[in-house]
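Please open the model in your viewer and keep the sequence panel beside it. The tour below moves from one selection to the next and says what is to be found at each stop.

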Amino acid sequence: MTTSEARVQELLTEHPVIDGHNDLPIAFYELCGYDLDAHDLSGSVPSLHTDLPRLRTGHVGAQFWSLWVPQDEHSVRRTFEQVDFVHRLVERFPAWLQLASTADDVDAAIKAGRVASLMGMEGGHSIGESLGVLRVMRELGVRYMTLTHNNNVSWADSATDEPVLGGLNEFGEEVIREMNRIGMLVDLSHVSADTMRHALRVTSAPAIFSHSSARAICDVPRNAPDDVLETLAGNDGVCMVTFVPYFVSQAYVDWVKGAKEAQPDLNPMNPADQAKLAESYDVPKPEVTLDDVVEHVDHVRGIAGVDHIGLGGDYDGCPEFPTGLADVASYPALFEALADRGWNDTELAKLASGNILRVLRAADDAAA
C-alpha cells in the first residue's frame, strides 16, 4: 500500500464520504420493480454501480438517495413510491443502513457504523405545484429538492429546456422561501444559469449543487458557471462535483455531438449503441478518466474555495463512468489523486463530508 493509499484509508475511516446523488431507487425499479427479494444488495449486484459491500469499500458514510421519476401526471405518486422504497431498503438492511434526516442523524449513523440514508427529490415536478406536498415530503425525510430536472416546471427554468421565465416566477420564489422555512436544501443542479442566480438571490439558507461540475472546463448547461460558483461561496453553499462523463470531459461532449449528427437514431452515451455506432462513425470515443474529475474538483476549489466543494457521483444514473471511478467503491482513488496533488487532510475531510454537513446544520438551524 502506498503512502497516499494508507493516508486516505485512515482519513476516510474518520471522515467518510457523504455523496450528494445516487440514483439507486430508479435503477432498482428498472431492474426489478423495487422487489428487494429479487437482488440482495447486501451481496454483489454487478448490474448496478451500487451495493452495500461496495459502499463500505468506498468509505461512504452517508448517501443522498435520489428520488427521480418521469415528469408526467403520475410524478407525485411515483415520488412517494420512491420514498417508500428507501424506507423499505433501510428496514431490510438495518446493520448496513440508517435513515437520516438531519446532520445529527448523519453523525449518529456514521458513529454506529451504518450508511446514513438521506433523500433528495430530483425535480420540482415531484411536488405537483403544491407547497402542501413539499411539506409532507420533508416530514417523510426528504432533505433536498432539485428545482427542475431536464424540463422546465411552471415556476422555474431548466438548464436543458427553452427558457420561459428567465429564472423563477413569484411561485418559484415562494417555493424557495418555504424550503428555507422547513429546512429543505435548495438544489441547483439541472436548473438554468439564470435560475441558479435567481435562487441564490432569494434563498436565506445555503444552497447546493447535488451533482454538477464546472462549466469553465466542460461547457454544458448542466454545469455551474464561475460567477455562480463565486456567488455560491458567498451563500456558504456547496457544489458537489459529479462524475458523469458528459459533464466532465469536453472531448467526450464533442464526440457525442458528432456521433449524434452521424447517427441520430443512436444514443452515443449508451454502451449498447456504441458498438453499432462504431460501424459507421470512425471517430474513436475519447477516454474519460479520474483525472478529468480531479480537474473539476480543483477548479471548483479555485473559484469557490475549499469550504464550498463536495462530491455527487450520480452512480446508477448514467450508463458509464470515468476510468478509475467505475462504481461506489472508487472514492478512495479520487482522494488518493488529490492527496498526490498536495491536498492536506483538513482539506480532504472538508471535501469528503465536512462541507455538506455544515450546510445541513445551517439548514437545520434556519428551520429551527
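Helices (H or I, at least four residues) and strands (E, at least two) are DSSP runs, numbered from the N terminus. This is a predicted model, in which local features need pLDDT of at least 70 and side-chain atom pairs count only at pLDDT 80 or more, while totals for chains, interfaces and linings use all residues. Residues are numbered from 1 along each chain as its sequence is written, and side-chain values use heavy atoms, with hydrogens and water left out.

Begin with the largest pocket, which holds about 810 Å³ of space. Select His149, Asn150, Asp314, Gly317 and Cys318, the closest to the centre of this pocket among the 34 residues that line it. Helix H2 (24-32) and helix H10 (245-248) are the elements that give two or more residues to this lining, and H2 gives the most, with four residues. By class, the lining of the largest pocket divides into 15 nonpolar, 13 polar and six charged residues; here Ala, Val, Leu, Ile, Met, Phe, Trp, Tyr, Cys and Pro count as nonpolar, Asp, Glu, Lys and Arg as charged, and the others, Gly among them, as polar. A pocket is, on a 1 Å grid over the protein atoms alone, an open set of points with protein on both sides within 12 Å along at least five of seven lines, whereas a cavity is a set where a 1.4 Å probe fits but cannot get out; lining residues have an atom within 4 Å of a point.

Helix H1 (3-14), helix H3 (52-57) and strand E2 (60-67) each give two or more residues to the lining, and the largest share, three residues, comes from H3.

The largest cavity, with a volume of about 40 Å³, can be found by selecting residues of its lining, among them Met179, Asn180, Leu185, Thr203 and Ala363. H7, strand E6 (185-187) and helix H15 (345-367) each supply at least two residues of that lining, which has eight nonpolar, three polar and no charged residues. The second largest cavity holds about 30 Å³ of space, and its lining includes Leu24, Asp51, Trp65 and Leu97.

Stay with H7 (residues 170-182) and select glutamate 178, which lies in this helix. Is glutamate 178 buried or exposed? Glutamate 178 counts as buried because its relative accessibility is 11%, and buried means under 20% relative accessible area, exposed over 50% and partly exposed in between (1.4 Å probe, protein chains only). Its side chain makes a polar contact with the side chain of arginine 181 at 2.8 Å; a polar contact is a pair of N or O atoms within 3.5 Å, where within protein one must be able to donate a hydrogen and the other to accept it, and residues adjacent in sequence count only if both atoms are side-chain atoms. Leaving aside neighbours within four places in sequence, glutamate 178 is in contact (heavy atoms within 4.5 Å) with Leu131, Leu134 and Arg135.

Finish at glycine 167, in the loop between strand E5 (142-146) and H7. Glycine 167 is buried, with a relative accessible area of 0%. Not counting residues up to four places away in sequence, glycine 167 touches Trp155, Ala156, Asp157, Asp194, Thr195 and His198.

Technical notes: Points joined across faces, edges and corners; volume = space filled by probe spheres on them.
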